[in-house]
Amino acid sequence: MNETSLFSIKEFSEFTGVSQSTLRYYDEISLLPPAARGDNYYRYYEPFQIILLNFINVLIDLGIPLTTIKEMSNDRTPKSIIELLSRQETKLDSSIHELWTAYTIIHTFRNNIQEGLLADVDEISVQYLDEARLVLGPETDFQGKDSFYEEFIRFCNAANEHRINMRYPIGGYHRDIKAFFAAPNKPDKFYSQDPVGNTVRKRGSYLVAYKRGYYGVFGDMPQRVDSYAKEHGLVFNGPVYIGYLLDEISMVDPSQYVSKFMASVSHKE
């Protein structure tokens, strides 16, 4: 045996970051026996055993029990390793999706709250907005109803049927500016700000205004929006979106909620 080409257990431990006690345990359960033993029964490891040890650590990090790893190691074949890795890929895909969803929910709420804190409810402006995806709910039916909340509750009840993720912030949708001016407190639909939604709010120039107060209570904001558009020679194009920036998530007092009006506009030719 040429011990100069091998690592002692101390050297192997220092190089790999795996404690000597763990290496001894792996030897005892025949998971990773040393490549050789010296006359003094000292353990010696080959450099290529680093690869196997690293792979074992990956499997442990994935939560695979040592007994399973040992069985796989003793009887491993390309096919058995592929099957093991495929199972773990499926589990990781699910975990990654869950983490990504949680991240986007948190990110969306944080952005909404930050914008709501900076919003000037007296200001109306034209802003360029990026494309945003969302999921529209079913048509609302305010016939004979004065309460904004009745239709919102119906939207919540229909969420599962329409595959609407209610964990994302919710907004209101009016089919056009006429519908908004006619009944600003009665959106034609509600929507979820789900970034994988099948509906797109197109990028472009939008007239943006903010209002403070209860859901569906707009005060004189529609009149001010209309006056601003006429004064600046703007034409409304397409739907109107109402985003709820400061709501139950961040505010105790409903009178301090902040909503955002967004309507695509262009200049008159």
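Reply: The largest cavity in this predicted model is lined by Phe 148, Gly 172, His 174, Pro 184, Pro 187, Gly 216, Phe 218, Ile 242 and Tyr 244. The space inside this cavity comes to about 30 Å³. When the whole structure is searched, one cavity of 30 Å³ or more is found.

The lining of the largest cavity can also be described by secondary structure and by residue class. Strands β6 (170–174) and β10 each contribute at least two residues to this lining. Six of the lining residues are nonpolar and three are polar, while none is charged.

The largest pocket holds about 590 Å³ of space. It is lined by 22 residues, and those closest to the centre of the pocket are Thr 108, Asn 112, Ala 132, Gln 193 and Arg 201. Four elements, α5 (78–118), β5 (132–136), β10 (234–246) and β11 (258–267), each provide at least two residues of the lining of the largest pocket. Among the contributors, α5 gives the largest share, with seven residues. Strand β10 therefore deserves attention in both places, for it supplies at least two residues to the lining of the largest cavity and at least two to that of the largest pocket, as elements are numbered from the N terminus. By class, the lining of the largest pocket consists of nine nonpolar, seven polar and six charged residues.

The second largest pocket contains about 200 Å³ of space. Its lining has 14 residues, of which Phe 152, Ile 170, Tyr 215, Asp 247 and Glu 248 are the closest to its centre. Helix α6 (residues 148–157) makes the greatest contribution to the lining of the second largest pocket, namely three residues. This lining is made up of 11 nonpolar and three charged residues, with no polar ones.

The helix contacts complete the description. Helix α1 (residues 9–16) packs against helix α2 (residues 20–28) at an angle of about 110 degrees, and their axes are 9 Å apart. Angles from 65 to 115 degrees count as roughly perpendicular, and α1 and α2 are therefore roughly perpendicular to each other. The crossing of α1 past α2 is right-handed. On the α1 side, the residues in this contact are Ile 9, Lys 10, Phe 12 and Ser 13, and they meet Gln 20, Leu 23 and Arg 24 of α2. Three nonpolar, two polar and two charged residues take part in the contact of α1 with α2.

Helix α1 also meets helix α3 (residues 49–61); the axes of these two helices come within 11 Å and cross at roughly 55 degrees. The contact of α1 with α3 includes four nonpolar and two polar residues, and no charged ones.

Conventions
Residues are numbered from 1 along each chain as its sequence is written. This is a predicted model: local features need pLDDT of at least 70, side-chain atom pairs count only at pLDDT 80 or more; totals for chains, interfaces and linings use all residues. Side-chain values use heavy atoms; hydrogens and water are left out. On a 1 Å grid over the protein atoms alone, a cavity is a set of points where a 1.4 Å probe fits but cannot get out, and a pocket is an open set with protein on both sides within 12 Å along at least five of seven lines; lining residues have an atom within 4 Å of a point. Grid points are joined across faces, edges and corners, and a volume is the space filled by probe spheres set on the points. Ala, Val, Leu, Ile, Met, Phe, Trp, Tyr, Cys and Pro count as nonpolar, Asp, Glu, Lys and Arg as charged, and the others, Gly among them, as polar. Axes are lines fitted to C-alpha atoms, for helices over the stretch in contact, and angles run from 0 to 180 degrees between N-to-C directions. Angles under 35 degrees count as roughly parallel, over 145 as roughly antiparallel, 65 to 115 as roughly perpendicular and the rest as oblique. A crossing is left-handed if the near helix is turned anticlockwise from the far one by less than a right angle, and right-handed if clockwise. Contact means heavy atoms within 4.5 Å.
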